[in-house]
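The structure is shown first.

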Amino acid sequence: MNCPDQNTYPNLSKLIFEILSLWPEHERYLEKSFSCRDIHLLRHSERLSAMIMRLSHTIDGGLTTLAADYRFLCEQIVLPEELYFRRNGRYRLTKFEDALNTVYSDNVFMTRYMNGLLMSDVMWVNHCRGLQHYTEKFLPSLDAGSDLLEIGPGHGLLLFLATEASHIGSVSAWDVSQTSLAMSQHALETLGATRQVKFEARNIFDASILDEARAGLFDAVVLSEVLEHLEQPEQAIRVLLHLCKPSGRVWINVPANSPAPDHLYLVNKPQQAEQLVRDVGFNVIDTAHFPMTGVTLDRAIKQQLTVTCIIVGEKPMQ
Ligand SMILES: C[S@@+](CC[C@H](N)C(=O)[O-])C[C@H]1O[C@@H](n2cnc3c(N)ncnc32)[C@H](O)[C@@H]1O
């Protein structure tokens, strides 16, 4: 494969090398994923790869484990769900309780799943472009001193990127899972975050979040790869509206047509998710659609293939 230059992109080259050593058949896919990246996206890929390399030093088996878990994600986790989706036109699960019993409560499986997803943030071009939009477009668009909340930070990469944006005033993080919170905290420590993050164990559906005391607390609320895991996506967007100050912004990243064992809410077309955000009361001020590796946006929409959908909503002044 025509790899990104090793001297310019040393960390990215190491990740690719490790994956191909373990899984040579993946070369064609990676060729497609990297040949379409311009210099800005390659630099962004290198920045993320450097973060993943640092995290790999704290994982048993290091980069080899991450590469193996990435392969496990593609072949054992996503592929069976993809086949189900193609046959039935829907995701396999619709109830949170079933995802809890079969996925979230299996610690070994969850660790491999999360490790694989971490690698996908560089290897899958739609994931990489989504993070680029967040880092290079959304964060810089926020006013100096903005209070930012991320709900469901998981692996913690977005949270770390927020702490690196010096104009952001404060960074908070809520997650329903103690394991995810611990993972995010660990990532911030490992990556050397120089700012404090206020962590809280919270379910987005906690009735207490809708208390007056929590109304209008934040200038920015981030919900990345969470909406598709929820049984009541509309209620979640209502909570975001409640938490935003007037003119506050949300950055929502939700995939369309993205089967996974814990995905419950199926978005068929990017416009469907945008309409949901509008219906709840946000003005949609920016959108971006990034198709999966190797296909155009038109083809992805026609054939119901995965598209990463980014929606930036702004709460009206009154
Ligand atoms: C797939 S991870 C997303 C990680 C990261 N934000 C990203 O973009 O890759 C989903 C996260 O949402 C959290 N989560 C799921 N349901 C939630 C809820 N009801 N309230 C708060 N967090 C939730 C999970 O614990 C997990 O950390």
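## Basis of the description

This is a predicted model, in which local features need pLDDT of at least 70 and side-chain atom pairs count only at pLDDT 80 or more, while totals for chains, interfaces and linings use all residues. Residues are numbered from 1 along each chain as its sequence is written, and side-chain values use heavy atoms, with hydrogens and water left out.

Helices are DSSP runs (H or I, at least four residues), numbered from the N terminus. Two packed helices are described by the angle between their axes and the distance between the axes. Axes are lines fitted to C-alpha atoms over the stretch in contact, and angles run from 0 to 180 degrees between N-to-C directions.

## H6 and H7

Helix H6 (residues 107-123) and helix H7 (residues 125-141) have axes that come within 5 Å and cross at roughly 80°. H6 is therefore roughly perpendicular to H7 (65 to 115 degrees).

In contact (heavy atoms within 4.5 Å) are Leu117, Ser120, Asp121, Val122 and Met123 of H6 with Val125, His127, Cys128 and Leu131 of H7. These residues comprise 6 nonpolar, 2 polar and 1 charged. Ala, Val, Leu, Ile, Met, Phe, Trp, Tyr, Cys and Pro count as nonpolar, Asp, Glu, Lys and Arg as charged, and the others, Gly among them, as polar.

## H7 and H8

The axes of H7 and H8 lie 11 Å apart, at an angle of about 25°. H7 is thus roughly parallel to H8 (under 35 degrees). From H7, Leu131, Tyr134, Thr135 and Leu139 take part in the contact, and from H8, Leu158, Leu161 and Ala162. The division here is 6 nonpolar, 1 polar and no charged.

## H8 and H9

Between helix H8 (residues 157-164) and helix H9 (residues 178-191), the axes come within 9 Å and cross at roughly 45°. Leu157, Leu159, Phe160 and Thr163 of H8 meet Ser184, Leu188 and Leu191 of H9; 5 of the contact residues are nonpolar, 2 are polar and none is charged.

## Ligand surroundings

The ligand is surrounded by 19 residues (a heavy atom within 4 Å), the closest being Gly152, Asp175, Ser180, Asn203 and Ser224.

The distance is 3.0 Å for histidine 155, 2.6 Å for aspartate 175 and 2.6 Å for serine 224.

Notes
Helices (H or I, at least four residues) and strands (E, at least two) are DSSP runs, numbered from the N terminus. A polar contact is a pair of N or O atoms within 3.5 Å; within protein, one must be able to donate a hydrogen and the other to accept it, and residues adjacent in sequence count only if both atoms are side-chain atoms. Angles under 35 degrees count as roughly parallel, over 145 as roughly antiparallel, 65 to 115 as roughly perpendicular and the rest as oblique.
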